[in-house]
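Student: Please show me the structure, and then let us go through it in questions and answers.

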Amino acid sequence: MTADTPLRRFVADFLASPLAVIAGLGLLAIALTALFAGIIAPQNPYDLAQIDILDGSLTPGTEGFGGFTYWLGSDEQGRDMLSAMIYGLRISLMVSFIAVTSAVAVGMVLGLLAAARGGWVETLIMRIVDIQLSFPALLVALLLLASLGKGVDKVIIALILVQWAYFARTVRAAALVEIRKDYVTAARAAALPQWRILFGHVLPNVMPPVLVIATVQIANAIAIEASLSFLGVGVPITEPSLGLLIANGFDYLLSGRYWISFYPGVALLVTLVCINVVGDHVRDILNPRMQR
Amino acid sequence: MNAPVLSVRNLVTQFDTRAGTITAVDGVSLEVGPGEVLGIVGESGSGKTITGFSILGLIDKPGRIAGGEVLLNGQDLRKLSDRAMARLRGDRIAMIFQDPMMTLNPVLRIDTQMIETIRAHRDVSRSRARDMAAEALALVGIPSPVERLRTYPHEMSGGMRQRVVIAIALMLEPDLIIADEPTTALDVTIQSQILSEMQKLMAQRNTALIWITHDLTVVAGLAHRVAVMYAGRIVETGPVDALLDHPKHPYTRGLISSIPSSVPRGERLVPIKGMTPSLMNLPEGCAFAPRCPRASETCRKARPDRQDLATGRSLRCFHPLEEAS
Amino acid sequence: QTLTAGFASEPSSVDPLYHNLGPNNATRKHMFEALVGEDANLGIVPELAESWETSDDGLTWTFHLREGVKFHDGGDFTARDFLYTACRIPNVPNSPSSMAGFIKSAETITAPDDMTIEVTTAVPYPLLLTDFASFGVVSASANGHDGPVEYTKDGCPGIDSYLDSNAYNDGTATIGTGPYKFVSFTPGESIVVARNDDYWGDAPYWEQITIRPITNAGARVAALLAGDVDVIEKPPVQDLERLRNDPKVNVVQGASSRVIYLHFDHVGEPSPGIEGTDGKNPMKDLRVRKAISLAINRPLIVDRIMGGLAVPARQLVPDFMRGTDPEIALEDPDLEEAKRLLAEAGYPDGFKLVIGTPNDRYINDSKIAQAVAQMLTRAGIQTEVDAMTASVFFSRRNNYEFSLYLAGWGASGAGMASPLRALVASQDKDKGLGGTNRGRYSNPDLDAIIEEALSTVETAKHDELLRQASRIVVDDMAILPLHFEVTPWALRAGLTMDPRADQHTVLTTVRPE
Amino acid sequence: MLAYLIRRLGQAFLVMAVMATIVFFGLFAVGNPVDLLINPEADLAEQEETIRRLGLDKPVHVQFGYFLAGLAQGDLGTSFVHNRPALELILSRLPATLELAFLGILIAVVLGIPLGMIAGLKPEAPYSKVIMAGSVVGFSTPNFWQGLMLIMLFAVFLGWLPAGGRGDTVDVLGIPVSFLTWDGLSHLILPALNVAIYKMSLVIRLTRAGTAEVALQDYVKYARARGLSPVRVVGVHILKNILIPVVTVLGLETGNVIAFAVVTETVFSWPGIGKLLIDSIGLLDRPVVVAYLMLTVFLFVMINLVVDIGYSLLDPRVRVKGGRS
Amino acid sequence: MTALLSLQNISQTYVSSPDLAERIANLAGANYQETRVRAVNGVSLKVAEGEVLGLVGESGCGKSTLGRMVVGVETPSGGTLSWRGVALEQMTTQQRRAWELEVQMIFQDPFASLNPRMRVEQIVGEAAVIHGLIRRSERRDYVADLLTRVGLNADVMSRYPHQFSGGQRQRVGIARALALKPRLIVCDEAISALDVSIQAQVLNLFEDLRQEFGFAYLFISHDLGAVEHIADRVAIMYLGRLVEIGTADEVFENPRHPYTRALLAEAPRLDRRGHSFTPIKGEIPSPLNPPPGCAFHPRCPLATAACKTGVPDLREGRDGRRTACILEQEEVA
Ligand SMILES: Nc1ncnc2c1ncn2[C@@H]1O[C@H](COP(=O)(O)OP(=O)(O)OP(=O)(O)O)[C@@H](O)[C@H]1O
Ligand SMILES: Nc1ncnc2c1ncn2[C@@H]1O[C@H](COP(=O)(O)OP(=O)(O)OP(=O)(O)O)[C@@H](O)[C@H]1O
Ligand SMILES: [Mg+2]
Ligand SMILES: [Mg+2]
């Protein structure tokens, strides 16, 4: 009973599932790898001075001309696939992370606003949300990128535009429930300022569903980005994400040079599985009705 | 007294949770005869509902019935196969749940739910079953029952829904009905409507009724005998008048004196101190000892056994109150 | 025997005159024939015209038509049909890229008799045959016109409306003289043609041919390996090694006339994407252009990126075509010399450069650009690649948004004249020159030679002028050819076909080995 | 109901208008389709002539005006590339996509719901964990990658099924369908699987979560307390309740498949509207893209309508009456 | 003495009018109408300093709505609310602030009424700091003091709500109300969700606090026993209206309104054994479409034709007892 904070309870519940712990650790490792890509990766695949076309298309484990060993092989430009994957992971994670956090921020503010204000503000926001949600994400992103052009920033913008609505809707729904709860009435009875009630009292209580959706959406964002890159409207070729690496490698799938596409594919799969497993578990923990 | 319809002996129900094993029902024994109304009272978490479910064999993982026997008309229900048990449920024993809003399946019409119950137990035609259902609704005082059958639960008020549930319980003329706080969620006026219906019907049909509640005042008006539960055990049973007028267990007295109308206006109530214990770590001796004004060393060391008193009462207490008090 | 082929792209219509684009023209060749044909190396051969001659002043061309040629509907082919075709060319409704350029040079087209056609030009025009080889002849009567036809530049009297491409897509007007007859066209799905048993030439081998668009390269190969199709065009070069080793597959390849080149911004100051030059445009400096050329190791690109499926290039068309100078040899890459030239030009520390490239247009286009970037970076020019989808690329290029861009040019049978007039001649709308010169290179000496060549009908002289021009282009580094694509086709084992330099897949040549 | 329809149509109209406008101007900003359409050999005069012929020489707002004027007469414009009315072009491709989408969804539902219910009813059983692991993987693998793997396995290595294309079709009511011929069906299976795997994972997850939640509801326990057979409890009482979220999501997903089919259609060279869209975007064939968009919005609205009506059939509590925020 | 709180003819009506789409549909012949829920309908009452007013009624009769208007989280749609004799509209900012702080509320659901993500110290002390009653640095001591007063140990301050039992939570809720030094506390079913034994403890606590601080309570409950026990005066509500008001003794000993009588007759009591229940007939009507005339007439055993049309006001009868019953009032006349 001592020092049993919600956070600790959450952590304890989380640690109770070995699968989730493994996935969580995997995710941590992936995140750290991506974060410290510059230190971990044997090569900077974006630095053209470091790669040599003479080392192109080497099979995994081959040593190149410079005495550098390509553990996962190289692509036709002589780019070390391991490094490319690590950097690709970084791009994928960065894109999805920035996109989702921004989408969370936008969605949360608008969702709270809708719930708190009601009236035409709510109607307006929620109609836009409906519209946004009634439209397939990939399609919106595709059209957006077709009109905006390519680039990491554009992909992020497209993803934010695609995703904020989920959060706005979730936050509003959760906030409407919370606002009706008596603790909010109590805060209002105590004449606390409106913003303080919204951000200090309501917001922390709508975070759990937001977190759950956010994990799912991060996975989703990575997948959408990969699909966009596959369709040729994603990130630029010079800063390949995992999705783009796979798409590039697609050309080589039948050629026997499987490693160009296979390893990034595995990395993507592992990342997404980890995120989804963690997300599933977090959802189970946070869903009071699933609790024993 | 006639042969009891239901007789429960030493029933133990446990839940295996991550933190340890919880004994929610701990050696409960009780009996109900035909036409008799047994009230089970106790505070929240004392194991009333679980007792009811255990009798019906409806304990789900991680729970299990760990011991004891449940005899319905002399037949031990715990020895029955799942299928045999299912055949009994709803037919010989019916249950009424607490929250009428949650009990009926919201996506199925009333007639579907009534007819499926009848046809699960009786080999009758659909139209015959429908007639039976309509009759049952009429019985519990629902106006224009034939039309009502076509409605969905959400189109009815809470009181109406609870009546439907009662109608379902009565439909197949069971030997025993277990009602788990069926009026707690309802308003006073509706509660008394339902209480009055139940009272009439039970008397007519000679059905045994177990009425679970935390409200002693309801029990006072309805029950013939009362069992008081505390922390998974029945601490005192007896005929309603004797038990309420002359409680022997300090807990029973505490419950009675907590009721505001038990003292004159302006006087302080004399509540039980402290709060209900967690079943996870019950005190070693008598579970009530920490809150009991009469507790002694003995109480803290050993658990009192059940004593049967001559007057049809029984008790688990080392230091019962005197009759005169 | 039926044949199924997987094409990388689909024609926008089976109307032979609707859209002047690769897939349309390749498809056309199965059903429609031109006045004169082009062989696999784009040499002119007789087709619907059996022979022709030029007047001494070079202004009048007379074609003698082949006897006994019948359209698929049984009608006879006569000069009237050619005139009708010429009439329809500029008037195809909504054509996104018309064939009008191919008859623009003709001042008059007349038919002295049913089997003769006479064409006059305002100035001597050596490329007329190439132009006339580029469009298929349609049947006047199938187009709903039964009377005589008279062609004038300003329209044909008596014909005021022309069928649009939809009448061809559903087959009603798709009546040609070619070896195959139209059966069906389901956009996105298939084009089916059947053998024309009355064909004037050699009887075609296949009874029926189905062409399926399979745009994704991997999927195309998979379809071949899975036995869904018998032949595919453009198998990805990276798969060729495996395909060659696969006993179930036969790979055929042939040199093409397509050159992949880098174009410089010869005008912009400052030029987009260039940094570290105080606003100057280094591309205007010949030494920088030379340095860039020297820094690029063409054989390495051919070997590593193109899997050997290309030929390093210095001139704009391959040797087997008209107007190349055999004297001009490939230069060897020389990194040191490149660095020296850069320093000499005033950029000892190089500068920053962005290469623009499409990523879905030419074989391995963006990969080539990356390799170039890598090589330039080694020479000290820090280069970034800006790759984008073709639609965006061409729009941006046409807005002059790149100081260096990668693109390709598939020369027509005109040989060197084709890229010269389009890519390096000064932009001039009236003369129809410099249409694709988006580097805005302008050299009056070169322009003069090109113009002269374009009005010289006599073959030897015409070719000599082209060689002169090519030398100037190479010496002045007006544009930087990288390599000529070699086009591969993959077929089911036991089948073979003739590769074509224009990269068109013409399935009539597919046959058992 | 009427207000609901009006609201829906109003909303659809708004989306169509907004999206069409954005895309119209967006594509204008991206580039000039003529740069791609025209043969590079064409000289500058010819380029200008083509631009004029396609009406692209006018300022964009004038072009937009023409577009609106056409729209008022039900004309969505004519494809730059194919010289066919954009709508007709799209409609000619629609059957292929619909066929793919519906078969995919069918597979997903027929396999997904039972699997999800199994996993939800016995969450701790090993087979449930296998199902869930499978669904996480299915849910996580990017669609295109799955498609490639399917081709590699079933078409290239095993050679059982064709790698792409549509195969033979039969006209039914003038609409070509392929599932009626063996050849057509064999072409359909892989792409449909590609569509189905992701959806199936989704259905499994939804069903599992729904089942786990519904199984804990009072009305399920009550159904058991009435002695209903497990088949009826699971097959009627649980199933009907979980179908609600599944139907909602699937409805949206059907819309998604139709639009999303881009990826699957690209990988399998399936001649549907998704591929048409990608090609048209690539060629900046603005009329087709804009018409596509308006048609998809329309389709979405129709599907949502159907879903909502299905929803109210499944859940009597939800009436299609208007409120829906 | 001016009453602390005085409500005059106060009403709360929730209106939901058709939106744009529905209005368009109406043009096309549909019939979407404005719905009005008269949750509270012309209620007048006074609460004096130190007085406990019990408010009794069935579910949905508007008790909570009334309570929420009194604490100021909802604005009445009609009538006048005065605090210390000053009407809401005439209040200065200071007076308004004083009213807001001097009326506090205690809620029914001990789980929902405390923010699950805040520690007790913050829950109890936050508002006092914000309103400048104490300084931030004094918060610990202040909260500790309050907690001891409501019978909790001061060291529970750093706990979260879920770590308490229902009764303890209710005490935390009380401490939160006390923190603003209120004069009137609105208890909205504050004990209904608790176990009997805990109910008694909390009732005692209310009594103690009243002795100590002289609070007034607006004690909303459907538990007649509890109201009888604690209230000085009792008001009975039916479908948004007051039907009877009087001192506890008067109302419980000698109820005048047929509804009050029925309520009292039906309340189960410990001393009523084995009696046969004779319930009031009919269902609780909905405030959405209340019956015409006296809202209670469909269920009233004494209803006459006049009850179906006339709407009775709450009026003083013979002996100064105030009821809203035509029959009662006829007797007077
Ligand atoms: N699924 C379960 N897992 C663990 N413990 C459980 C479970 N279900 C019930 N219990 C425990 O069993 C005990 C008895 O519960 P029960 O529902 O019978 O109480 P009750 O007397 O009916 O209370 P209430 O008046 O609140 O309904 C409780 O302490 C509860 O914590
Ligand atoms: N925001 C609102 N909008 C519309 N109707 C409302 C709103 N709030 C309350 N109502 C309605 O007003 C009536 C009175 O509600 P209120 O909560 O005051 O009742 P109550 O007497 O407190 O009932 P309970 O005993 O169930 O708490 C109810 O019918 C309720 O449905
Ligand atoms: Mg219970
Ligand atoms: Mg209330």
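Student: In which loop is C:Pro270 found?
Tutor: This is a predicted model, where local features need pLDDT of at least 70, side-chain atom pairs count only at pLDDT 80 or more, and totals for chains, interfaces and linings use all residues; side-chain values use heavy atoms, with hydrogens and water left out. Residues are numbered from 1 along each chain as its sequence is written, with chains lettered from A and ligands numbered from 1 in the order in which they are written. Helices (H or I, at least four residues) and strands (E, at least two) are DSSP runs, numbered from the N terminus. C:Pro270 sits in the chain C loop between strand S12 (249-264) and helix H7 (286-295).

Student: Which residue does a cis peptide bond join to C:Pro270?
Tutor: Look at omega, which is about 0° for this bond. The partner of C:Pro270 in the cis peptide bond is C:Glu269.

Student: Where does B:Pro62 lie?
Tutor: A cis peptide bond links B:Pro62 to B:Lys61, with omega about 0°. B:Pro62 lies in a loop of chain B, between helix H1 (48-56) and strand S4 (63-72).

Student: Is B:Asn73 buried, partly exposed or exposed?
Tutor: B:Asn73 has a positive phi of about 50°, although it is not a glycine. Its place is the chain B loop between S4 and strand S5 (75-76). Buried means under 20% relative accessible area and exposed means over 50%, with partly exposed in between (1.4 Å probe, protein chains only). B:Asn73 has 48%, so the class is partly exposed.

Student: What is the relative accessible area of C:Tyr400?
Tutor: C:Tyr400 is a residue other than glycine with a positive phi, near 60°. It lies between helix H11 (390-398) and strand S16 (404-410) of chain C, in a loop. C:Tyr400 is partly exposed, and the value is 23%.

Student: How many disulfides are there over all chains?
Tutor: A disulfide is a covalent bond between the sulfur atoms of two cysteines. The rule used here asks for a pair of cysteine sulfur atoms within 2.5 Å. C:Cys87 and C:Cys156 meet it, with sulfur atoms 1.9 Å apart. Over all chains, the count is 1.

Student: Is the disulfide of C:Cys87 and C:Cys156 left-handed or right-handed?
Tutor: Take the torsion about the S-S bond. For C:Cys87 and C:Cys156 it is about -100°, so the disulfide is left-handed.

Student: How many residues apart in sequence are the parts that C:Cys87 and C:Cys156 tie together?
Tutor: Both cysteines are buried. C:Cys87 is in helix H2 (residues 79-88) of chain C, while C:Cys156 is in the loop between helix H3 (128-132) and helix H4 (165-169), so the tied parts are 69 residues apart.

Student: Which cysteine has the sulfur nearest to that of B:Cys292?
Tutor: B:Cys292 counts as buried at 11% relative accessibility. B:Cys292 is in no disulfide; at 6.1 Å, the nearest cysteine sulfur is that of B:Cys317.

Student: Are H1(D) and H13(D) roughly parallel or roughly antiparallel?
Tutor: Axes are lines fitted to C-alpha atoms, for helices over the stretch in contact, and angles run from 0 to 180 degrees between N-to-C directions. Helix H1 (residues 2-30) and helix H13 (residues 286-314) of chain D pack at about 160°, with axes 9 Å apart. Angles under 35 degrees count as roughly parallel, over 145 as roughly antiparallel, 65 to 115 as roughly perpendicular and the rest as oblique. H1(D) and H13(D) are therefore roughly antiparallel.

Student: How do H11(A) and H6(D) lie to each other, oblique or perpendicular?
Tutor: Helix H11 (residues 259-286) of chain A and helix H6 (residues 126-140) of chain D have axes that come within 9 Å and cross at roughly 125°. That makes H11(A) and H6(D) oblique.

Student: Which chains share the most contacts?
Tutor: Contact means heavy atoms within 4.5 Å. Chain B and chain C have none, with closest C-alpha atoms 46 Å apart. Chain C and chain E do not touch either, at 42 Å between nearest C-alpha atoms. Of the 8 pairs of chains in contact, the most contacts are shared by chains C and D.
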